[in-house]
Amino acid sequence: MRAEETVRQFFDRVNARDLSGLGALLEKDAIFFFPKTQPLSGRDRILRFFRVLFRQYPRLVFDVKRTIIQGPWAAVHWTNKGESRHGDPYENEGMTLLHLEGTRVRFISDFFKDTEKF
């Protein structure tokens, strides 16, 4: 599988809220840097984070605008839209940096414009 395919699957699985499929893409010792949180180490902690995110935002869809791939690194520019569990609309724009090892993700770091709601 090419890097572009792994990136597409990553965001497709996030959009589908497919934690099992997302877990299959993550290395067991993956690390995730998300604004305003401590680094999340390990597949299980990352998946717990996504469970909480999906509860907080029952509707949240990422639209990948462009992807830049250089070797094992991918920079993914995205926008997203959704709704919080309280019914408040949500929109944001950002970039996710991924380090890929073959068909799996070892490193994730998110950067986005509006960090006030997290």
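**Arg-59 is a partly exposed residue whose side chain meets that of Glu-83 in a salt bridge.** In this predicted model, Arg-59 has a relative accessible area of 43%, where buried means under 20%, exposed over 50% and partly exposed in between, with a 1.4 Å probe and protein chains only. Glu-83 counts as partly exposed as well, at 33% relative accessibility. The N to O distance in the bridge is 3.9 Å, a salt bridge being a side-chain nitrogen of Lys or Arg within 4 Å of a carboxyl oxygen of Asp or Glu. The pair links distant parts of the chain, with Glu-83 in strand E4 and Arg-59 in strand E3, 24 residues apart; helices (H or I, at least four residues) and strands (E, at least two) are DSSP runs, numbered from the N terminus. Residues are numbered from 1 along each chain as its sequence is written. Because the model is predicted, local features need pLDDT of at least 70 and side-chain atom pairs count only at pLDDT 80 or more, whereas totals for chains, interfaces and linings use all residues, and side-chain values use heavy atoms, with hydrogens and water left out.

**Further salt bridges include the pairs Glu-4 with Arg-2 and Asp-63 with Lys-65.** A search of the whole structure finds nine salt bridges. In the bridge between Glu-4 and Arg-2, the closest N and O atoms are 3.2 Å apart; Glu-4 is partly exposed, with a relative accessible area of 39%, while Arg-2 is exposed at 59%. The closest N and O atoms of Asp-63 and Lys-65 lie 2.7 Å apart. Elsewhere, salt bridges that share partners join Glu-27, Asp-29, Glu-101 and Arg-106 into one network.

**Phe-32 takes part in aromatic pairs with Phe-34 and with Phe-50.** The structure holds 14 aromatic pairs, in which rings of Phe, Tyr and Trp (its six-membered ring) have centres within 6.5 Å, planes under 30 degrees apart counting as stacked, over 60 as edge-to-face and the rest as tilted. Phe-32 and Phe-34 form an edge-to-face pair, with 5.7 Å from centre to centre and 70° between the planes. Phe-32 and Phe-50, by contrast, are stacked, at 5.9 Å centre to centre with 5° between the planes. Because Phe-32 lies in strand E1 (residues 26-33) and Phe-50 in helix H3 (residues 43-56), this pair ties together parts that are 18 residues apart in sequence. Phe-32 counts as buried at 1% relative accessibility, Phe-34 is buried with a relative accessible area of 8%, and Phe-50 is buried too. One aromatic cluster is formed by Phe-10, Phe-11, Phe-32, Phe-34, Phe-49, Phe-50, Phe-54, Phe-62, Trp-78 and Phe-112.

**Phe-50 belongs to the largest nonpolar core, which has 31 residues.** Such a core is a set of buried Ala, Val, Leu, Ile, Met, Phe, Trp, Tyr and Cys residues joined through side-chain atoms within 4.5 Å. The members that touch the most other members are Phe-10, Leu-26, Phe-32, Phe-50 and Leu-98. Two or more residues each are given to this core by helix H1 (3-16), helix H2 (19-25), E1, H3, strand E3 (59-70), strand E4 (73-83), strand E5 (89-101) and E6, and the largest share, six residues, comes from H3. Leaving aside neighbours within four places in sequence, Phe-50 is in contact (heavy atoms within 4.5 Å) with Val-14, Leu-19, Leu-22 and Phe-32.

**Ser-109 is a buried residue in strand E6 (residues 104-112).** At 9% relative accessibility, Ser-109 falls in the buried class. Apart from its neighbours within four places in sequence, Ser-109 is in contact with Phe-33, Met-95, Thr-96 and Leu-97.

**The whole protein, for orientation, has three helices and six strands.** Read along the sequence, these follow the pattern α-α-β-β-α-β-β-β-β. The C-alpha atoms fill a box of roughly 40 × 30 × 25 Å, taken along the principal axes. Buried residues make up 42% of the 118 residues in the protein. Of the contacts between residues at least 6 apart in sequence, 45% join residues at least 24 apart.
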